[in-house]
Amino acid sequence: MRRLLAPASAALLFAGIAGVAQNALEFEPKVGAASSRITVRATVPEGGHILFGGRPVSAVEEAKGIYSFLVPAGASGTAFVEISRGGKAIAKSAVPFVVSGPSVVSVPKLVGLKEA
């Protein structure tokens, strides 16, 4: 019985360490176009950076613990929001930001009518 408990307790210990090493990061909105403004609610430590899709972005601290940045132009697909310090991620969003593209619905041009 003692042999079974030692590996199990070691696994729990390592799982706890991994959970402390990287905290969940909250941001809004979850979907938007390129150049959209994203608001992050987290603490960025001294020397830390906010990353969007693994690349640093210029973030502005609006209030204590509230930062915002713009989705880089040309971004597409999905990208996680992270906070890194010293090249290591210390917080990461649980879900990625989804970059929406231009609408596939086109509005028909009305012919023969003047625009007001």
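This is a predicted model: local features need pLDDT of at least 70, side-chain atom pairs count only at pLDDT 80 or more; totals for chains, interfaces and linings use all residues.
Student: How many aromatic pairs are found in the whole structure, and are the rings of Phe27 and Phe97 stacked, edge-to-face or tilted?

Tutor: The search of the whole structure returns three aromatic pairs. For Phe27 and Phe97 the ring centres lie 6.4 Å apart, and the planes meet at 55°. Planes under 30 degrees apart would count as stacked and those over 60 as edge-to-face, so this pair is tilted.

Student: Which strands does the pair of Phe27 and Phe97 tie together, and how many residues apart in sequence are these parts?

Tutor: Both Phe27 and Phe97 are buried. Phe27 belongs to strand S1 (residues 23-28), whereas Phe97 belongs to strand S11 (residues 97-99). The pair therefore ties S1 to S11, parts that are 70 residues apart in sequence.

Student: Which charged residue sits over the ring of Phe27, and at what distance from its centre?

Tutor: Phe27 is a member of one aromatic cluster with Phe52, Phe69 and Phe97. Over the ring of Phe27 sits the charged end of Lys30, and its distance from the ring centre is 4.2 Å.

Student: Which strands stand at the edges of the open sheet of eight strands?

Tutor: The strand order is S5-S4-S9-S10-S1-S3-S7-S6, with mixed pairing. Two strands have a single partner strand each, so one side of each lacks a neighbour in the sheet. These edge strands are S5 (55-56) and S6 (60-63).

Student: Which residue in S9 stands opposite Ile50?

Tutor: Strands S4 (residues 48-52) and S9 (residues 81-85) pair in the antiparallel sense, over five bridges. In S9, the residue opposite Ile50 is Ile83.

Note on methods
Residues are numbered from 1 along each chain as its sequence is written. Side-chain values use heavy atoms; hydrogens and water are left out. Rings of Phe, Tyr and Trp (its six-membered ring) pair if their centres lie within 6.5 Å; planes under 30 degrees apart count as stacked, over 60 as edge-to-face and the rest as tilted. Helices (H or I, at least four residues) and strands (E, at least two) are DSSP runs, numbered from the N terminus. Buried means under 20% relative accessible area, exposed over 50%, partly exposed in between (1.4 Å probe, protein chains only). A charge sits over a ring if NZ of Lys or CZ of Arg is within 6 Å of the ring centre and within 35 degrees of the ring normal. Two strands pair if DSSP finds at least two bridges between them.
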